[in-house]
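Welcome, and thanks for joining this short tour. Keep your viewer open and your selection tool ready.

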Amino acid sequence: MRIHGLTLLALVGCQAPGPAVHPGAPPAAAMASVAPATDTGGSAAGDLGPVQGAPIEAALTSPPVVPPPTGRKVPAKVVVNLEVRELTLPISTGVDYTFWTFGGTVPGSFIRVRQGDTLEFHLRNHPDSKMPHNIDLHAVTGPGGGAASSFTAPGHESRFTFKALNQGIFVYHCATAPVGMHVANGMYGLILVEPPEGLRRVDREFYVMQGDFYTVGKYREKGLQPFDMQKAIDEHATYVLLNGSEGALVGDNALKARVGETVRIFFGNGGPNLVSSFHVIGEIFDRVYAEGGTRYQENVQTTLVPAGGATIVEFRLEVPGTYLLVDHSIFRTFNKGALGMLKVEGAENKGIYSGKEVDSVYIADKAESDEAIATAAEGLKAGTLTTEQQIEAGGKLYAGTCSACHQAEGQGLPSVFPPLAKSDFLMADKARSIGIVLNGLSGKVTVNGADFNSVMPPMSQLNDDEVANILTFVRNRFGNTGEAVSAAEVKAVRSQTPRPPGAAH
C-alpha cells in the first residue's frame with residue numbers, strides 16, 4: 001500500500017494469569033462510600049516537585065494484563081520504551097488482518113505511572129515497518145500530546161519527555177496522517193496516571209479496549225483482508241472488537257476470577273469512530289469513574305465510552321458463572337464481534353441467583369473452542385475440505401445461529417418452529433434449503449406431516465462457507481443423511497437472489 005504526500009498531522013489537545021492481585025480487598029460496604037468532597041486540583045496540583053531517586057524503567061504489559069501499582073510515595077523519572085510493529089494477525093477465525101501496533105498487540109502496551117512523574121518516552125519504529133508512526137498521549141500537557149516530537153521513520157527512534165500532571169486513565173494513539181487509518185489499524189492503548197496515594201485495593205485488574213475495524217471483505221469473510229478506507233470514512237465498521245480480535249477474550253482466553261473477589265477493569269475505546277455502550281451481562285458496576293476522571297458514579301448498568309476515551313469500572317463477584325463483556329449497541333456484539341468473557345469460579349449462592357451457569361444463547365458460537373471452524377477454513381483454502389470437517393464446523397455455527405429456535409437437537413418447537421431432525425421438508429430439496437437460509441421463509445409449511453406457521457428471518461449475513469457448513473451439519477445429524485453442501489452451491493443460489501440497495505449481502 002502506498003500513500004503519497006504523507007504528512008504529519010499534529011492533533012492539539014488531543015497473562016489471563018497474572019492480572020494485578022492485591023490482598024486485603026475491602027468489604028462490599030466499603031465500595032458504597034461516597035466520593036471525597038475535596039477538589040483533586042487538576043493539573044495545578046499535579047506538579048509534585050522534582051523527581052527523586054534513580055530513573056525507573058516502566059513495566060509494560062500486554063492486554064489483558066495490567067502492571068502492578070507503582071507503590072511509590074514520591075515522583076520519579078520513568079523511562080518508557082515502546083516499539084511500533086506492523087504485524088499480520090488473526091482478526092477472526094480464518095481471517096487475517098495487518099495490524100499496526102504499539103508493542104506488538106492491539107491494544108498497545110499498558111503504561112502505569114504516578115501523578116507527578118516525569119516520563120522519558122522512547123518510541124522505536126521496527127525496521128520492517130512500511131510506514132512512519134508517532135504517538136499522541138492524552139495524558140500529556142502540551143501541543144499534540146507528543147505527536148510532533150515523536151514522528152519516527154522505520155528503523156528509527158524518537159525521544160521526548162513530559163510530566164504527568166493529571167491523574168486518571170488516558171488513551172494514547174498514533175497521530176500520523178492519515179490519522180484515522182493508523183488508529184483503525186489498531187494503534188491505540190491506555191496509560192494510567194495513579195493519584196499520589198494510589199488506587200484503592202482490589203483483587204484483580206484487567207485491561208480491555210474496544211476498536212472498530214474496516215475490511216474490504218464482509219464480516220468473517222476468510223483470508224487476508226485489507227483495510228477499506230471508504231468504509232472507515234462512512235463509519236461502516238466490519239468488526240467491532242475487544243482487544244483486537246474475536247478470540248481475544250473468549251474460551252481459553254477469557255478473563256478469570258473467583259467469587260468474592262473485587263474486579264477493576266480499565267476500559268478504553270480506541271475508535272476511530274464508534275462510541276461504546278460498555279456493559280457486563282449479569283453484573284452491575286459498583287463504581288464507574290466516568291470518562292476516566294477522578295469522580296465516580298455508583299450502581300451503573302451500562303456506561304458510555306467515547307472514541308478516544310476511557311473509564312474505570314469496579315464490581316464485586318457474588319456468584320459463579322460466565323459473565324459477558326459487550327457493547328450494548330447490540331448488533332456489534334452478535335454480528336461484529338464485540339464480545340468477551342469473564343469466567344468466575346467458586347461456590348454457588350442460590351439466595352442471590354438460582355439460574356444456570358452458562359447461557360448459550362448469549363455466548364452463541366463462542367461457548368466452546370472454534371478450532372473446528374478454523375480447521376474447516378484452512379481446509380477450504382487448501383482445497384482439502386472434508387465432509388466431516390464441515391460437519392464439525394457447522395455444529396459450532398449451528399449452536400450460535402440456529403439452536404435458539406430449532407433447539408439443540410433439531411427438534412424444533414411444536415406448531416412454531418419446524419423440526420430439522422428427520423425432516424422430510426429439509427432433505428427433499430438441497431437448493432431450496434440453501435435459499436431458505438439466505439432469504440428466509442414466511443408462512444405455512446408442512447414438515448413430517450405437521451403444520452408450522454412462523455417466520456424465519458434471512459441469514460444472508462452469513463458467508464457462503466458458513467451456510468454450507470451449517471447445512472452440511474444439519475443434513476448429516478439429527479437422524480438425517482445427505483450430501484454435503486459446498487460454498488460454491490451457496491454462492492450460486494445467493495447470486496440468483498436480487499436484493500435492494502442496503503439489504504444484507
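Predicted model: local features only at pLDDT ≥ 70, side-chain atom pairs only at ≥ 80, totals over all residues.

Now select R287 and Y296. Here R287 lies over the face of Y296, at 4.0 Å from the ring centre. Next, pick R432 together with F425: the charged end of R432 sits over the F425 ring, 3.9 Å from its centre.

Let's move on to rings that meet rings. A pair of aromatic rings is described by the distance of the centres and the angle of the planes. How many aromatic pairs are there? The count comes to 16. To see one of them, select F160 and F162, which are stacked at 6.2 Å centre to centre, with 25° between the planes. Both F160 and F162 are buried.

For another pair, go to F278 and F285. Their ring centres are 5.7 Å apart and their planes meet at 20°; planes under 30 degrees apart count as stacked, so this pair is stacked. F278 is buried, and F285 is buried too.

Our last stop is on the surface. Select I330, F331 and F334, which form a nonpolar patch there with about 290 Å² of accessible area together. Is F334 buried or partly exposed? F334 is partly exposed, with a relative accessible area of 32%. You will find F334 in helix α3, which covers residues 331-335.

How values were computed. Residues numbered from 1 in each chain as written. Heavy atoms only, no water. Patch = residues over 30% accessible without salt bridge, like charges linked within 9 Å, V, L, I, M, F, W, Y side chains within 5 Å. Areas by Shrake-Rupley, 256 points an atom, 1.4 Å probe, with all protein chains shown as cover. Salt bridge = Lys/Arg side-chain N within 4 Å of Asp/Glu carboxyl O. Helix = DSSP H or I, 4+ residues; strand = E, 2+ residues; numbered from the N terminus. Buried < 20%, exposed > 50% of the residue type's maximum accessible area, 1.4 Å probe, protein only. Phe/Tyr/Trp six-rings, centres within 6.5 Å; stacked < 30°, edge-to-face > 60°. Lys NZ or Arg CZ within 6 Å of the ring centre and 35° of its normal.
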